[in-house]
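Biologist: Please bring up the model. Then we can go through it by question and answer.

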Amino acid sequence: MTTKTSFPTRPLGRSGLEITRIGLGAWAIGGNGWAVGWGAQDDLDSIAAIRLAVDRGINWIDTAAVYGLGHSEEIVRRALAQMPGSERPYIFTKCGLTWSPEQPQAMPRRNGAPASIRSEIEDSLRRLGVERIDLYQMHWPAGDGTPLESYWRELLDLKQAGKVGAIGLSNHNLAQVQDAESFGHVDTLQPPFSAIRREAAADLIPWCAANDTGVIVYSPMQSGLLTGGFSEERARALPADDWRSRNAEFTPPNLQRNLALAEAFKPIAERHGTTVAAVAAAWTLAWPGVTGAIVGARSAAQVNGLLGAAELELDSDDMDAIAEAIEETGAGAGPRRPPEESGALPANLFA
């Protein structure tokens, strides 16, 4: 199954989906008014960003029920409503986080109960205005005592029933992914991964590569830090309703290390005639086993700055330069460079 695009595509594991190297992330377009929002967001800007991304060739959108407590899914529906079915992108969404409308600022609950998942998917189908979800993912491991087997079997049943095309796990560790695989194939994994947050490269991504599980990484630009447009002043000015204002990567001493790493991306971006943000996303795509990267955009202008990553291929010199910058700045943790083609690990692989 494919959707129309002018960009290169990759098979998403053995799911049957062929996806562009980057997809549009819809977390920030959920807006504010909930516990993990990004501050105020103009819905018309969100719709314009989605339409431009799709018009330019991006063929998948990643959202979640919890983003904006349903609002992100509704905005995706509005953006795609006038598009012919043949031109629509794949829609990926997630379950397993529930909330109380009476307490929108409370942290969502990690709910793995099969009955809840059955209710959640009906709500997502309604908000998205579709009859079938292309990829349905468990957002986080359950925190309510539900065994992994129970919620994974529910997703397998939804796939068997035809309500979803593929199923995956987000924010699960290697032992949990292996456990799920023993009950039924994990089509996809969605871990956090960037030049700052590199831990998934040590075990999760290699396991997925060996087991035909597609990998779509989130926050390849570390929520804005690796865009080339962030600064200490901007970090200090983040509003209280932006979750980043409370995050360790956006406060000293991590902030200074992260911004120094972003600065090191600039010569590479100039050499390729692209943006720092595109280089940051392309870095994640250079790792064997990574199928696609989720890039968030809140406006059409931001989309234009990211599209270069859909085709950008970093060479060995680029990857060496970034590995050296990671070492020099001390930013983040995890492997600094993909294994060599021979399979041998380079001496400077680990921080």
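## Around Leu-226

Biologist: Which residues does Leu-226 touch, not counting those up to four places away in sequence?
Modeller: Touching means a contact, with heavy atoms within 4.5 Å. Residues up to four places away in sequence are not counted for Leu-226. The list for Leu-226 is then Ser-194, Ala-195, Ile-196, Pro-220, Met-221, Asn-258, Leu-261, Ala-262, Val-276, Ala-277 and Ala-280.

Biologist: From what number are residues numbered here?
Modeller: This is a predicted model, where local features need pLDDT of at least 70, side-chain atom pairs count only at pLDDT 80 or more, and totals for chains, interfaces and linings use all residues. Side-chain values use heavy atoms, with hydrogens and water left out, and along each chain, as its sequence is written, residues are numbered from 1.

Biologist: Is Leu-226 buried or exposed?
Modeller: Leu-226 is found in the loop between E11 and H7. Helices (H or I, at least four residues) and strands (E, at least two) are DSSP runs, numbered from the N terminus. Buried means under 20% relative accessible area, exposed over 50%, and partly exposed in between (1.4 Å probe, protein chains only). The relative accessible area of Leu-226 is 0%, so Leu-226 is buried.

Biologist: How far apart in space are Leu-226 and Asn-258, C-alpha to C-alpha?
Modeller: Leu-226 and Asn-258 are 32 residues apart in sequence. Asn-258 is also one of the residues that Leu-226 touches. C-alpha to C-alpha, their separation in space is 7.6 Å.

## The whole chain

Biologist: How many helices and strands does the protein chain have?
Modeller: The C-alpha trace spans about 50 × 45 × 40 Å along its principal axes. The secondary structure of that chain comes to 11 helices and 12 strands.

Biologist: Which two residues does a cis peptide bond join?
Modeller: Most residues other than glycine have a negative phi, and most peptide bonds are trans. Pro-253 is found in the loop between helix H7 (232–236) and helix H8 (254–272). With omega about 0 degrees, the cis peptide bond joins Pro-252 and Pro-253.

Biologist: Is Gln-222 buried or exposed?
Modeller: Gln-222 is not a glycine, yet has a positive phi of about 50 degrees. The loop between E11 and H7 holds Gln-222. At 10% relative accessibility, Gln-222 counts as buried.

Biologist: What is the relative accessible area of Asp-212?
Modeller: Asp-212 also has a positive phi, about 55 degrees, without being a glycine. Asp-212 lies in the loop between helix H6 (204–210) and strand E11 (214–217). Asp-212 is partly exposed, with a relative accessible area of 43%.

Biologist: How far apart are the C-alpha atoms of Ala-65 and Thr-98?
Modeller: Ala-65 is in the loop between strand E4 (60–62) and helix H2 (71–80), and at 4% relative accessibility counts as buried. Ala-65 and Thr-98 are 33 residues apart along the chain. Their C-alpha atoms are separated by 8.4 Å.

Biologist: What is the relative accessible area of Leu-155?
Modeller: Leu-155 sits in helix H4 (residues 148–160). Leu-155 touches several residues, including Cys-95, Ile-117 and Tyr-136. Leu-155 is buried, with a relative accessible area of 0%.

Biologist: Where does Lys-163 lie?
Modeller: At 29% relative accessibility, Lys-163 counts as partly exposed. Lys-163 touches Glu-122 and Glu-131, among others. Lys-163 lies in the loop between H4 and strand E9 (164–170).
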